[in-house]
Amino acid sequence: MDARFLGIPDLAETPSVAVVVDVMRAFTVAAWAFAQGAEKIVLAESLDEALGLKARHPDWVAIKDGPPAPGFDTVNSPGLLRSVDLGGRTVVQKTTAGTVGALAVKDAPLVLCAGFVVAEATAQLLRTRGSDSVTFVVTGEDGQADEDLACAQYIARRATEAGTDAAEFISRAAESRAAAELAEGVRQGVHPDDIALCLEVDRFPFAMVATLEGSLMVLRPRATPSPIS
């Protein structure tokens, strides 16, 4: 498998397969939303679009980065979201990097959104598909975020070498600038457990596939078969 690792500004063409990685915290939050029962997640292009969708669909749950804000139900924190019942609900998510990265490759035939919590399920889907070329979109810090790059490289390795150990990649993510900012309170809307939750490997047995549904980019979980022991 030919794996390329690109930041959002480096996406010059539409890839055939894109894996959009945002570990801290967009796609860890998305995975938790599905675990809490969400049916789908609409990836909004702007805060205004998220608020507009929420206004038209009052039963939808709107999530944003940073501190709480009028019109939004909660913030982009897995630690906070894990106590929210989202059974059958639609979530609208707008974040600084993750949703931007997914929308940047919205025309790709296959778009997966990922973090460590769905790493093996994502790698398994890539293996099943037999993709020759995969573009990993490293969303944070214009492609320089080491937590996202580490996760992307781990998934790429797992797609071809199923026994790859996560320890080295998790260590890099734990020492990243994003982890430090979360730990030091530089970022707002943070739960004390967020870093640990973002670094859990294979917490959930599903991949997350984003597709265009009309004019909206919609993320849904896709279960993967359990490995034969």
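The model is predicted, so local features are taken at pLDDT of at least 70 and side-chain atom pairs at pLDDT 80 or more, while totals for chains, interfaces and linings use all residues. Residues are numbered from 1 along each chain as its sequence is written, and side-chain values use heavy atoms, with hydrogens and water left out. The protein holds 9 helices and 10 strands; helices (H or I, at least four residues) and strands (E, at least two) are DSSP runs, numbered from the N terminus.

**Overall build**

- With a radius of gyration of 16 Å, close to the 17 Å that the globule rule gives for 229 residues, the protein is as compact as a globular protein of that length. That radius is taken over C-alpha atoms, and the rule is 2.2 Å times the number of residues to the power 0.38.
- The C-alpha trace spans about 45 × 40 × 40 Å along its principal axes.
- Of the 229 residues, 54% are buried; here buried means under 20% relative accessible area, exposed over 50%, and partly exposed in between (1.4 Å probe, protein chains only).
- Take the contacts between residues at least 6 apart in sequence: 77% of them join residues at least 24 apart. A contact means heavy atoms within 4.5 Å.

- Follow the strands across and you get an open sheet of 10 strands with mixed pairing, in the order β1-β8-β2-β7-β9-β10-β3-β6-β4-β5. Two strands pair if DSSP finds at least two bridges between them.
- The edges belong to β1 (2–7) and β5 (74–75); each has a single partner strand, so one side of each is left without a neighbour in the sheet.
- Strands β2 and β7 pair in the parallel sense over 5 bridges, and Val 20 stands opposite Cys 113 in β7.
- On to β7 (residues 110–114) and β9 (residues 206–213): these run antiparallel and are joined by 3 bridges. Leu 112 has Val 209 in β9 as its bridge partner.
- Strand β9 also runs antiparallel to β10 (residues 216–223), with 8 bridges between them. Here Leu 212 stands opposite Met 217 in β10.
- The hairpin of β9 and β10 has 2 residues between the strands, and Gly 214 in this hairpin takes a positive phi near 70 degrees.

**Helix α5**

- Of the 11 residues of α5, 8 are buried, so this helix is largely enclosed by the rest of the structure.
- The buried set is Ala 119, Glu 120, Ala 121, Thr 122, Ala 123, Gln 124, Leu 125 and Leu 126.
- Their cover includes β2 (17–21), β7, β8 (133–138), α6 (146–160), β9 and β10.
- For a closer look, pick Gln 124, which sits in α5 (residues 119–129). Gln 124 counts as buried at 14% relative accessibility, and beyond its neighbours within four places in sequence it is in contact with Thr 224 and Pro 225.

**Residues worth a look**

- Met 24 and Arg 25 are joined by a cis peptide bond, with omega about 20 degrees. Arg 25 is found in the loop between β2 and α1 (26–35).
- Glu 141 lies in the loop between β8 and α6. Its phi is positive, near 50 degrees, in a residue other than glycine, and Glu 141 is partly exposed at 32% relative accessible area.
- Asp 142 lies in the loop between β8 and α6. Its phi is positive too, near 55 degrees, and Asp 142 is exposed, with a relative accessible area of 55%.
- Thr 74 has its place in strand β5 and counts as buried at 17% relative accessibility. Setting aside neighbours within four places in sequence, Thr 74 is in contact with Ala 62, Ile 63, Lys 64 and Leu 81.
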